[in-house]
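Please walk me through some local features of this protein model.

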Amino acid sequence: MKIKPLCSLSQSELSLQNKHSYLLTHCTSLFTLVVRNEKATIRKIHQKVAIDIDFASQTINGRTDINIMPINPDLKKVVLDCYQADVHSCYINNEPANFVYDDALRRLRIQEPNSNVSHHHQLNSQYESTVNDLGGLSIFLPKSPGEDPATLLVSIEFSVHQPTSGITFVGVDPIDHRYPHAYTNNSIVPYSTSSWLPCVDGIWERSTWEFEITIPKTLGTLSKSSNSQLNGFTDKSSSQEPHEDDDMQSELDHDPRTSVAEPDFSEDHDMEVIGCGDLLDQVTHPKATHKKTVYSTVSTPVAPNYIAFAAGPFKHINLTDFREPEDDDAMGSSAIEIAGYYLPKYAEEVENSCVFMYKAMDFFVREYGSYPFNAFKLCFVDETNYPIISTPSLVIASNSLLFPKANLDDIYESTKTLTWALASQWIGVYLIPKAWNDLWLIYGLSYFITGLFLKKLMGNNDHRFRLKKDVLKLLELDIGRPPIANPNLVLPIDPNTLNFIALKAPLVIHILERRLTKTGGSLGMSRVIPKLLLQVMSGDMLNGCLSTSHFLKTCEKASHMRLDIFAQQWIYGYGYPIFRVVQRFNRKKMIIEMGIDQVQTKETPTIPASEGNFVSDAIRHLNNEPVASGLPVFSGPMTIRIHEADGTPYEHVVELKDSFTKLDIQYNTKYKRISRNRSTKNVRKDNGDHGGDDSDYVIRSLGDVLQSDEDIEKWRLYDYTKEDEDTMATEAFEWIRVDADFEWICDLRVRQPEHMFVSQIQQDRDVVAQLETIRHFTGNSFSISRQVSTVLLRTLLDTRYYYGVRQEAARALANCANPELDWIGYYHLRMAFLESFCFENSTIPKSNDFSNISEYYVKCAMVEAFANVRDRKGVTTSSVKKLLLDLLCFNDNANNEFSDSHFICLLIDSLVDALIPRGETVQYAFSDPEHMEYVHQAINEIDRHMRIDACMPSYKNIITIKALEAKNRLARTFHLDFGPRELFPYTQEGNYNSVRSVAYDLMLQSGALKNDALIKYMFYILINDLSPAVRRSLMYSIQKGFGCLARGGAKTEFASDDLIVEEDITKAIEKRIDITSRASISGAIEALRNDVGKNRVLSEEMWKAINDPKIDLMTKRNLLMICRVLYKAKSSLIVTLKIPSLIPRLRAIHLGKGKIVIRKAPLKQFGKNKEKSPPQIPAPSPVVNDNNNKPKGPTLKIKLKL
């Protein structure tokens, strides 16, 4: 019998008359993956929350009233989720009730003093049971025989002091110079809200809400509410004149963040509460006039995970004011108000970053129905663990998403993230997954409609190009990965898993959309998504829970086609297909013979070894989880487009069913071909006169620049010869495109002559076809020619191409730079760059001008490509190093209205990449004096830019971050003196959070986990740092640090200008064996245990951190994973017992006749039967060496197997 989830019950099913029959019919089923049977006996109807926020002490005092409906008539206690809080009293129907409170964070530890890190498996079992059954607060119902109340009112008085998760306080510490504010740090993972509010937690526990939040009225009243100084801010009436030393100290404590929003405490700002739902009223507190209480309500039932608020000195901006009057008239009553809230001094960044939001709102309302809430609020705060926290009508966003007008490089990512935040209001908050393995639908559909809006905003070329780039990225990652609808998702879900789902899920939705629309009678997702949202609104989709099966059935009804096979392959299946296509033209039969071979089982790509994913990979290995292999056969329709000789494209839809598919495609052209290979310089001679006959004629195409004789000679261009053109003229078709409609996520290679790919990139207007051509030119199996380099150069210089294609052409030119072709690719790339961006006959760059954004992006790609110009030994030429060094030295941004911070970072990265050889020569690169001179010059330039960034900080200090990473790379390659000692100052509080996180990450990569002092420092920061973002980042850096040790071994610490490396053959062999063993996951685990597994300080600090109640659940889980990889579990416990002294005693025995024997006194026997004891010895004479000061006896340690 299929159990019906409680979250899907209608109101009638939950009525008092039907609740008993429901239990009899459906048994005692659990309705979520995380809610236990005790909590399944109640249903929450409404919850009221009243809290008072004290910023100075980081304390929340509150009371919550929960209206619940008992389902079990024998209900004896109410179990609520709660941890990290102090529960003071509980009431049932306003009557005091007994309760038991057990904080999960305090419970989740082993308090035995003799426990150690080898007992991690015992703590891990506790963790798993806690995550699946949090609870914490049990309230016992008073005995009332004969009564069966329809509802109960459960009231709890509680407080939360200095929370480490759930709620974040910013700017309340004396050393934190930001504006004081607080906000909820929610996530879709369970138990984020129960960390500060007693409730029935979980994304399926929906109810209505009511809030009363009390805060100080202004910043000036914060000190009054706490009677103490807060963040260096005092009331104006009691302020004193600043001391000169204070000014000096403030300069020393300068926070790079203040380059964007330095708090100005000379102004008093009103404190505001921005909450989810609708604002009802705000009034002065009746007992404390310097406070105010804000009342709000959430009338749409939502889960505790989606409850959020932010309190602080926020300013308001109406983002709908940017809407044009005609757009406002067109939307009419459907227009939704969009309000932005930000901390002071962020007004310009918010306006610049969110100017498009009204367009996104109008697009979603028109395409997918009315907005499910009354208004939309966007609030920007500091220190978020996640860029976006989406709740009903409110999105709490990180300030890192904001960017000034002078910044060009953050436009797309910020726009995409904020658009997704708005899209998640429909799909993610209003529409939620029915089970955790349905989470892919929420990510897939929300990112899919986000992409559709970005397509309208930025154009079709940008949309298709980025889709193809996402597919290429997925081909690298989707190796041995579980399916996106993974039934074995472990809570809390790892962020890497969520990122993978967020990448693959919208691509699966895209190819499903293509297949649905291919049937002809379906509108695809444009019909399915509104229908799903309408079902939620009408109540047909109970509780707004969407399952994969329901989604597929809706798609099948809309398209009248079965999707079983599609779901098995792309939703529940593994991997992706790898196609190898061959073709030839049969002139006798006038057909094109084609074979499509699926080779994913033969050409299985290797799983990439990532240091960041080492711990999770090791856990899967220790669990003996098999590596998922791709399906041997993928089936479905594929569109093949053949551009025949007359220029007409003919499409053929074929069905792939087997691993090898043989096709015979009919040829259609019966006329003379169009000459597309003649150079454009002959067009003027033809003068467009074809003589009225069917003779060959020339058409214009992309890439027809640099056609004059002077250009050909100057740029060293190579066109196809007359013989080559005659051979091309005999071809039956121009080119073939397989999967022309982008219906597959696949690795596709088509075997056709070089000139056909040239025709494809010059004549096919589809950016995906152009990108596929460049990808073919850069493949390992392709033989580069001078003609290909010429085509790539013309693609780079032709501004009619989409700028992304031009970027790829610039990167591909580096592949054409080899000695066999006389470095023709480098010559073309260098000439193109010098002609466009440098002074004549010089490598000195012109002043930056980023007014043309496309040209700026192309310029960045060309700089990046220079670093990939290598000889056979993997070393860059001196001219490349000099060019990049000159670009960094003489970079001039004085006359540019845009910031060049990202461009400087790119120059630093490219220069360092060019200086680091690839291959075996990296070990001996430091022996070249000329090369080392370039290295020292590069370091000097990097230091100069770091000093400039310290005086005039770049946005988010990105130059300092890139400089630290660059110096670390150079130090590890050339054994320079740069390590934890140099990085330590950047980890101190007062630096920008990104700078601190990168400094910690680089220290851990440099072997900090092998230094006892640094180990203590890292774990102290992990537990006690004020910034939750830094703590979360440090946790992942520690995981990556262990991955570096496992994959790369210990780092040798030495530095010398005159370095001579001598290795005997034995050490070389041992090193090679060590490298080979670490390549496998089992060898890497064993090597890691040998390297640091016996470090006592590491084990003690890690065990101390795991058992610390200030560590949140996610960090505790990650540390337990590291322990399992690093230490073998031992089911034992050390028990200490006292035993008699083991110091031997001598005694003299008188045998008579003047004979005395001196012997050792026997030790006492324990646990022996009397009959087995030795015979009694006569009473001894006085011991000769009697000593009144007996030493303390030793102890015996016994291990008891559990």
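At 45% relative accessibility, D822 counts as partly exposed, a class that lies between buried (under 20% relative accessible area) and exposed (over 50%), with a 1.4 Å probe and protein chains only. D822 sits in the loop that links α24 (803–813) to α25 (824–837); helices (H or I, at least four residues) and strands (E, at least two) are DSSP runs, numbered from the N terminus. Although D822 is not a glycine, its phi is positive, about 60 degrees.

The model is predicted, with local features requiring pLDDT of at least 70 and side-chain atom pairs pLDDT 80 or more, while totals for chains, interfaces and linings use all residues. Residues are numbered from 1 along each chain as its sequence is written, and side-chain values use heavy atoms, leaving out hydrogens and water.

F742 is another residue other than glycine with a positive phi, near 60 degrees. Its place is the loop between β28 (733–738) and β29 (747–750), and F742 is buried, with a relative accessible area of 4%.

Helices α11 (residues 439–458) and α13 (residues 495–518) pack with their axes 7 Å apart, at an angle of about 65 degrees. Axes are lines fitted to C-alpha atoms over the stretch in contact, and angles run from 0 to 180 degrees between N-to-C directions. The two helices α11 and α13 are therefore roughly perpendicular, the term for 65 to 115 degrees; under 35 is roughly parallel, over 145 roughly antiparallel, and the rest oblique.

I1065 lies in helix α35 (residues 1065–1079) and is exposed, with a relative accessible area of 61%.
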